[in-house]
Amino acid sequence: MKNEKLLKVVFTGLFAALSYVVFTFLQIKITLPGGGATSIHLGNAVCVLGALLLGGLYGGLGGAIGMTIGDLFDPVYILSAPKTFLMKLCIGLVTGLIAHKLGHISTETDRGKVAKWTILAAVGGLLFNVIFDPLVGYYYKILILGKPAAELTLAWNVASTSINSVTSTIVSVAVYMALRPALKKSGLFFTVGKKELA
């Protein structure tokens, strides 16, 4: 594919826009004690899908940029923007590592193996998020923001992150498996090579 790097940058921008829209306009916001909030959303699904299609770095950047912009435009989440950028980038990197470095899904021709590694990659990236997003959020609120209400919101954050992860895994895997043949036919399918970062 000609100009593959440029196309990946363009698609990264597309995934940033998609994650922003999905996170900002298709979320169920839950107000928490102490003035914070958490939400049920599919923004992580867009991040994982980007990592499956473009590789971990580009997919993670797309999700991180989009959801960080969403945080910056929302007064409730504005202080969480740095944490969001880091966590969403890591979702992409972990997903890309499993999908492309271990599973080689962009070069694999066996549909069953592609499905298996796609599921493992999505679960791995989102399981990372289930563990580290509430944990990093807790310490971020206590150490950086000095909010004693961090303990009150921890259980809610674990619950919402778990719900987001299950739904995002299902959606991202289903969409990837449906898009893969169409992108191959159109010549827009990227082969994530060994030289690239996840």
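Predicted model: local features only at pLDDT ≥ 70, side-chain atom pairs only at ≥ 80, totals over all residues.

Biologist: How many residues does helix α2 have, and what span does it reach?

Modeller: Helix α2 comprises residues 43-54, twelve residues in total. From its first C-alpha to its last it reaches 16 Å, close to the 16 Å expected at 1.5 Å a residue. The helix is followed by G55, whose phi is positive, near 105 degrees.

Biologist: Is α2 mostly covered or exposed?

Modeller: It is mostly covered, as twelve of its twelve residues are buried. Among them are G43, N44, C47 and G50.

Biologist: How does one describe the packing of two helices?

Modeller: Two packed helices are described by the angle between their axes and the distance between the axes. In this model, α4 (residues 81-102) and α5 (residues 111-144) pack at about 155 degrees, with axes 8 Å apart. Angles over 145 degrees count as roughly antiparallel, and α4 and α5 are therefore roughly antiparallel to each other. The crossing of α4 past α5 is right-handed. By class, their contact has 17 nonpolar, five polar and three charged residues.

Biologist: Which residues touch the most other members of the largest nonpolar core?

Modeller: In soluble globular proteins, nonpolar side chains tend to be buried together. Here the largest nonpolar core has 29 residues, and those touching the most other members are F15, V48, L52, L53, L54, I105 and Y176. The elements giving two or more residues to this core are α1 (4-25), α2, α3 (56-72), α4, α5 and α6 (150-186). Helix α2 gives the most, with seven residues.

Technical notes: Residues numbered from 1 in each chain as written. Heavy atoms only, no water. Helix = DSSP H or I, 4+ residues; strand = E, 2+ residues; numbered from the N terminus. Expected span 1.5 Å × (residues − 1). Buried < 20%, exposed > 50% of the residue type's maximum accessible area, 1.4 Å probe, protein only. Axes fitted to C-alpha atoms, helices over the stretch in contact; angles between N-to-C directions. Parallel < 35°, antiparallel > 145°, perpendicular 65-115°, else oblique. Left-handed = near helix turned anticlockwise from the far one by under 90°. Nonpolar A, V, L, I, M, F, W, Y, C, P; charged D, E, K, R; others polar. Core = buried A, V, L, I, M, F, W, Y, C linked by side-chain atoms within 4.5 Å.
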